[in-house]
Amino acid sequence: MYNDCFIVGSFYSNDEIFKTLKVANAGGIRLSINDNRVLRAAVFTSEPGIGISGENPYHDRFEGDVLTYTAAGKFGEQTLSGINKRIIEQTDFNFPIHGFILVANRRNKTIGPKRWKYLGLLEYLRHYQDMQIDSDEKVRKVWIFELKIHNEPSAVSVSSDIEISKKLLIESRNKNIAFDGEVVDERTNENDINIQKIEKIRGKLLAMDPNKFEYFIKNLLACTGFLDVCVTKYSADGGVDVNAKAGPGMWIFESSLVQVQAKRWLHSVGRKEVAELRGSLRPFAKGVVVTTSHFTKAALIEANENGKNPIRLVDGFSLSKTVANANITVN
C-alpha cells in the first residue's frame, strides 16, 4: 500500500504514481475519470536530454514557474481532442493536475525505479498552436499548454487533492485577474484564403536556414521602409541579429535605431531570450524579437514589464502576414 501523499521535490516510481492517483500507467497526460468527468490528471515531462531518441519528440521547457508543455501525440499533426482537450476543462471543473518530471532515462540502470520528481499541482493558463518535429523527423503542427507550477502546498494528499486544487486555483486566478492569459489569434480576422496563404509562407520560413533567415529579415525591413539595414556577424551578435533605422514613413521615430533578434525556431521563444536582447541593446535603441513560432506567456510579460525598456514581439503569424502584405516571395 502506497502513501497517498506526494511531496514536492521527492521522487516516485511509475507504479506509485499510477496506482495512487488511479490514472493510466503510460503516456504524457494521464487521467482519472468518473462518469465522463475528470477527477484528477497527471502530466509528465522530462529534463532536457533525458528522452530516448524517437520516443520523445516534444520540446517542453520551463519559464520560471511555468511549464510550456507539448500536448500528447508523437506522430503527425496533433488535434485538440481526447486527453488533450481534457486539460483545458480544468478551467471549468478545477480538478487537480499533478506534475512530474523524469530525471533519468529508464535505460540508466544506476538509478532505481524512483526517477519521477514531483513538481506540485499545475494550473492551466492557456494553449496555442505551434510547429515542431515529430518522431519521424517531419515538421508538424502541435498544441502547446502553459501550466503554472504551484509548489505550495509542498505536500498534497490524494484523499483531499480535489478540495486543495479548487481552493488553490480560485485564489491564483483572483491574484492574476489583471492578465487574462488568452492568446489573441489574428487569424479570426482573416478569411480562409488569406490564412492558407499566410500559413504557407510561415511553412517556408520554418524550413529556412537560420543564417538565411537573418538576411531575409534584413531584406524585409528594407522593403518596408527601414534604412541602413545590416546583419551583424553571425553567432557573435550578443543577441542582436539585424540593425536598422526607422525611415521617413515612420515620422515619429525617424532615424531611431532598431535592433532585431531573429529566431527561426520551431518551439516557442521564452522570457530568457527577451531579457537577453534587452541586455544587448545600445542606449536608446528599440528592441524587437521576430520569430517563426510563438512567445510564451512569460516572454509576453517580460517584454512589457514596468520599469524596463519595452521589447516588441512579432510571432510567426504576424511575420508571415507582413510578408504577404509586402508581396515578398519566399524561396
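Buried residues account for 48% of the 331 residues of the protein chain in this predicted model. The chain exposes about 16900 Å², of which carbon and sulfur atoms supply 52%. Its secondary structure consists of nine helices and 15 strands. Of the contacts between residues at least 6 apart in sequence, 63% join residues at least 24 apart.

The largest nonpolar core contains 25 residues, and the members that touch the most others are Leu 205, Ile 217, Leu 221, Val 260 and Leu 319. Two or more residues are given to this core by each of helix H5 (192-206), helix H6 (210-223), helix H9 (316-325) and the strands E11 (227-231), E12 (242-245), E13 (257-263) and E14 (286-291). H6 provides the largest share, five residues. Apart from this core lies another, of 19 residues, which includes Leu 67, Tyr 69, Ala 71 and Leu 119.

When residues up to four places away in sequence are not counted, Leu 205 touches Phe 213, Phe 216, Arg 264, Thr 292, Leu 319, Ser 320 and Val 330. One of these, Leu 319, is also listed with Leu 205 among the core members that touch the most others.

An open sheet is formed by five strands in the order E11-E12-E13-E14-E15, with mixed pairing. E11 and strand E15 (311-314) stand at the edges and have a single partner strand each, so one side of each lacks a neighbour in the sheet. Neighbouring strands are turned against each other by 20° on average, direction ignored. Within the sheet, E12 and E13 pair in the antiparallel sense over four bridges. Val 242 stands opposite Val 260 in E13, and Val 260 is one of the core residues named above.

Definitions and conventions:
Residues are numbered from 1 along each chain as its sequence is written. This is a predicted model: local features need pLDDT of at least 70, side-chain atom pairs count only at pLDDT 80 or more; totals for chains, interfaces and linings use all residues. Side-chain values use heavy atoms; hydrogens and water are left out. Buried means under 20% relative accessible area, exposed over 50%, partly exposed in between (1.4 Å probe, protein chains only). Contact means heavy atoms within 4.5 Å. Accessible areas come from the Shrake-Rupley method with a 1.4 Å probe; for residues, only the protein chains shown count as cover. A nonpolar core is a set of buried Ala, Val, Leu, Ile, Met, Phe, Trp, Tyr and Cys residues joined through side-chain atoms within 4.5 Å. Two strands pair if DSSP finds at least two bridges between them. Axes are lines fitted to C-alpha atoms, for helices over the stretch in contact, and angles run from 0 to 180 degrees between N-to-C directions.
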